[in-house]
Amino acid sequence: MHKLRRATLNNPSSCITRQQWQRARREVQRTTRTIQNEWWTKKAQEIQSFADKNDMHNFYNDVKTVYGSVNRCITPLKTADGLTVLKDQNSILLRFGCPNKFVNILRQFHDGMTAQVTIGGQESAPFPVHTGVRQGCVLAPVLFNIYLLCVTKLLHKEIEDSSGLQSVLAEAVRAYSRMGLTINTTKTEVICQWSANIPSTLPSFTVADEQLSVVPSFRYPGSILSDDTSIDNEVQNRIKQASAAFGRLRRRVFQNKNLHLRTKVCVYQAICITTLLYSCEAWVTYSHHIKSLEHLHIGCLQCILGITCRDRVPHSEILVKTNCRSIEAMITQHQLRRLGHVIRMPQNHLPRRMLYGQLHHGRGSAGGQKKRYKDQLKTALRKCKIRPEDLEDVAADRNTWRQMCLDGTHLQEEERTARRQQRRLRRNTPMVSATTTTTYTCPAFNRTCGSRIGRFSHQSTHRQKWTSSSDSMDNHKQAIQPCMM
C-alpha cells in the first residue's frame, strides 16, 4: 500500500495508479474494521467474565489495557533515623526482621535480573534491574504481606495502652515514621457521623502539630462517605465516573459504525455499568436515586442506538433492543447475591454479625425514620418473590441461590415493564365520561337535560325569550288600543 501511495504521489496524473491505491486502501480499511470489531468483542467478553467471577486482578488489567496505564509515585522507605533512603530490597527485608536465610533465597532469585523492551518488533539490549520484583512473580504478594504485617504489628503494640482517638492517632504516626513513612496531613481528613444532635464544638485532631480538617464527606476507597450516612454524593459521583468512562469511548466504540450493536452493548456493560454500580451492594436507595441512575442508563443506550428523546421510543423498548435490564433490577441482583455470600459466612465474621444484630437500647426519633439496609433487603426479597423463611436454606447452596436471584430479577423486570405499559396506555387513551342515569326536565317545554346546570341554562334562555315576547305583546296591545277607541 505504501508503494502504491508513493507511486500515486510521484505520478498524480495516472488514473490506473490512483485506482489501484484506492482499492488497496479500501481493503486495508475493511480488514482493520474486522480486526477491531473482533478485538473489542473479545475484550468486552473477558472483562464481563472477570467481573462476574469477581476476579479483580484480571479485571483491572483488562480495563488498563483499554484506557492505558497511569503513572503513580511511590513513597521511598527510609531508615529508622529517617536520613537514608533504602533502595536495596535485601536491606529493607533485613530491617523488617526477616531471617537471613529467607533474604538470601530472595537475593538468588533477583540477582542479575535483566529486562528487555520490544519496540517495533525488535528487542532492545538487556539492561539490569535493581529495584522491584520480577513481572508476574509469585513472591510479590508475599513481600507486600510481609511489609503490611510488620506495620500492623508495630501499630498494635503502640496502641495497646492508648486511650482516646487523639492518642491512637499519635501512636499511628509514630509507628509509620519508624517504618520511614509519613502521613500527608493535607490529604488526611476527619468525618464525624453523629447519632444525635450535632454538638456546637466539633472535635479537633492533630498530626505533627497540624490540625486535620473536619469535612462533611470524603472518598474512601473509591466510595464517598457522608456524615449523614446518605448516598446522595456517592450516586452523583458514580454518575460522573460512568459518564466520563462512556465519553472516553464514545467516538471510539459507541458511535463507531463499523462495530456491531452487540459489541457496543458488551463494552458498555463491562465498563460503564461496572463503574456506575461500583459498591452498590451496600446502598440504601430511594426512588430519586433510581431515577438519576436510570436517566444516565437510558441516555447511554439511546446514544448507542443512535436515537434521541424526540423519537419518543419507550424505555422498555430500548431495553429490549439492547438486551439490557433496568438499573433497579441490576442493583437488586447485586444486593441479593451479596446477601447470600454473607449468610454463608461463619457466624463469628463481622458482616454476618452485623446482618443479624439488633439494637437493645435506644428509640427512634420523631417523624419518619430513615430507611435501613434490612428494609432494602426485605423490599428486594418481596419484589423477587423470595420467602424470608426459606432464605438461609436456599442461600446455603451458591449455584441455587444465584439462579434464584437471576429468576427473581427477571420476574421483577417483567412486572416493572407491565406496569409501565399500563401506565402509558392509560396516559394515551382518551378519557370517556360515564353515562348519567339522572335526568332533569324543564317544566315549561318538557325538555330533558343531562345535568342540572344544563336545565338551568335552558331555563335562563327560555326566560329571556319569554320576557322579550311578553314585552312585544304588551307594546302591540298598546298600539292597537287607540284604534279601537
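User: Is Trp-401 buried or exposed?
Analyst: This is a predicted model, where local features need pLDDT of at least 70, side-chain atom pairs count only at pLDDT 80 or more, and totals for chains, interfaces and linings use all residues. Residues are numbered from 1 along each chain as its sequence is written, and side-chain values use heavy atoms, with hydrogens and water left out. Buried means under 20% relative accessible area, exposed over 50%, partly exposed in between (1.4 Å probe, protein chains only). Trp-401 has a relative accessible area of 1%, so Trp-401 is buried.

User: Which helix holds Trp-401?
Analyst: Helices are DSSP runs of H or I with at least four residues, strands are runs of E with at least two, and both are numbered from the N terminus. Trp-401 lies in residues 398-428, which form helix 17.

User: What separates the C-alpha atoms of Trp-401 and Arg-337?
Analyst: Along the chain, Trp-401 and Arg-337 are 64 residues apart.

User: Which residue is the bridge partner of Phe-218 in strand 12?
Analyst: Strand 11 (residues 217-220) and strand 12 (residues 223-226) run antiparallel, joined by four bridges. Two strands pair if DSSP finds at least two bridges between them. In strand 12, the partner of Phe-218 is Leu-225.

User: Where is Val-117 found?
Analyst: Val-117 is partly exposed, with a relative accessible area of 38%. Its place is the loop between strand 3 (114-115) and strand 4 (118-119).
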